[in-house]
Amino acid sequence: MQKDIATPIRTQEILKKYGFSFKKSLGQNFLIDPNILRNIVSHAELTEESAAIEIGPGIGALTEHLARTAGKVVAFEIDQRLLPVLADTLSPYDNVEIIHADILEVDVQQMFESQLQNYKDVMVVANLPYYVTTPILLKLLMDRLPIRGMVVMMQKEVADRITASPGTKAYGSLSIAIQYYMEAEIAMIVPKAVFMPQPNVDSAVIKLTRREVPPIQVIDEEFLFKVSRGSFVQRRKTIINNLQSSLPNGKAKKDIIIQALGKVGVDPTRRGETLSIEEFGKLSNELYEEFH
Ligand code: SAM
């Protein structure tokens, strides 16, 4: 087996060989600990019949661990300077495809249909660029890709928000948007020392597992997310106050909102952070006709 890319010495050698300098603006913090990589990949539960989609392979630290475990790896990298590096570091693996692209611009659905149809299951596995974690996750979920799930590293504070339960400080519209589609758990907390350069924030890996059916059937998912976002605009305010401000013409239609809250058994003086996804779902169904 090849020597790991992700040791501090080999990483330094590769960076030096290519005269590579990190771009903070692209969230470039590379992993330099093979144990962490093995751990991340084991959470993805890949087999040779699986495919992995990676976002931001960097110099290939995680990519090679995926290539050793999965049948196929498709990795999207925005930084053109890394393409010759990856061609070199990943040359021992013939099951990796690197695509030079901004993941936010890619038609992943189309790539899926053309390249990943024949795999038993597909996982997204990545050490994400932290500056775009949320847009990337929401894009992949809204694209309705037939993935089994995701194992992704991010800023710990965002991981806490994604996995939060109702009634906690971290719970909000992001928790609802993600947990509507996926079961979410923190897989591990990751120390700063395993990155080069070290990030300023703490990191965590989360595991998302696609739900067979959503926790509640809603008339319109977009509208559910609109109602939940609108309920958290000012966290300290009651749900009735937030909805009055956020729904179109909400102030004039206060009685209609109160009636909808009553129908689904939610006291108007509760705060958004106390409502479960199921309650938000029922509420959005009640409000849909009047406010969508
Ligand atoms: N996977 C490598 C590792 O773990 O060592 C690198 C991870 S580093 C945190 C994030 C990577 O994402 C960088 O290589 C960066 O260039 C790339 N990146 C940043 N924004 C991106 C985007 N919008 N689309 C694709 N790749 C992106």
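Between which two elements is the loop in which E45 is found? E45 is found in the loop between α2 (34-44) and β2, where helices (H or I, at least four residues) and strands (E, at least two) are DSSP runs numbered from the N terminus.

**View 1. The whole protein chain as a predicted model.** This is a predicted model, in which local features need pLDDT of at least 70, side-chain atom pairs count only at pLDDT 80 or more, and totals for chains, interfaces and linings use all residues. Residues are numbered from 1 along each chain as its sequence is written. The average pLDDT of the protein chain is 97, and 100% of the residues score at least 70, pLDDT being the predictor's confidence in each residue, from 0 to 100. For the complex, the predictor gives an ipTM of 0.99 and a pTM of 0.96. The secondary structure of the protein chain comes to twelve helices and nine strands, and its C-alpha atoms fill a box of roughly 70 × 40 × 30 Å along the principal axes. Of the 292 residues in the protein chain, 40% are buried; a residue is buried if 20 or more other C-beta atoms, placed from the backbone, lie within 10 Å of its own, exposed if 12 or fewer, and partly exposed in between. Among contacts between residues at least 6 apart in sequence, 68% join residues at least 24 apart, a contact being a pair of residues whose C-beta atoms, placed from the backbone, lie within 7 Å.

**View 2. The shell around the ligand.** Of the 22 residues around the ligand, F30, G56, G58, N127 and P129 come nearest, where a residue is near a molecule if its C-beta atom, placed from the backbone, lies within 6 Å of it. The elements that give two or more residues to this shell are β1 (30-31), α3 and β3 (72-77). The shell residues divide into 13 nonpolar, six polar and three charged, with Ala, Val, Leu, Ile, Met, Phe, Trp, Tyr, Cys and Pro counted as nonpolar, Asp, Glu, Lys and Arg as charged, and the others, Gly among them, as polar.

**View 3. Two annotated positions, G56 and D102.** The UniProt annotation "binding site", from an unreviewed entry, covers N29, L31, G56, E77, D102 and N127; UniProt positions are given in the numbering used here, feature names are shortened, and annotations may be inferred rather than shown by experiment. G56 is found in the loop between β2 (50-55) and α3 (61-69), and it counts as buried because it has 23 C-beta neighbours inside 10 Å. Leaving aside neighbours within four places in sequence, G56 is in contact with E77, A126, N127, L128 and P129. D102, in the loop between β4 (96-100) and α5 (108-116), is exposed because 12 other C-beta atoms lie within 10 Å.

**View 4. M123 in the largest nonpolar core.** A nonpolar core is a set of buried Ala, Val, Leu, Ile, Met, Phe, Trp, Tyr and Cys residues joined through C-beta atoms within 7 Å. Of the 79 residues in the largest one, A52, M123, V125 and V152 touch the most other members. Apart from neighbours within four places in sequence, M123 has contacts that include A44, L46, A52, I147 and V151.

View 5. The buried residues of helix α10 (residues 239-246) are I239, N242, L243 and Q244, and what covers them includes α9 (221-231) and α11 (254-263). N249 lies in the loop between α10 and α11 and counts as exposed because it has 10 C-beta neighbours inside 10 Å. The C-alpha atoms of N249 and F291 are separated by 8.6 Å, although these residues are 42 apart along the chain.

View 6. Phi of E45 is near 50°, a positive value in a residue other than glycine, and E45 counts as partly exposed because it has 15 C-beta neighbours inside 10 Å. R144, whose phi is near 55°, has its place in the loop between α6 (133-142) and β6 (149-155), and it counts as exposed because it has 9 C-beta neighbours inside 10 Å. The peptide bond from M196 to P197 is cis, with omega near -15°, and P197 lies in the loop between β8 (195-196) and β9 (203-210).

How values were computed: Two residues are in contact if their C-beta atoms, placed from the backbone, lie within 7 Å.
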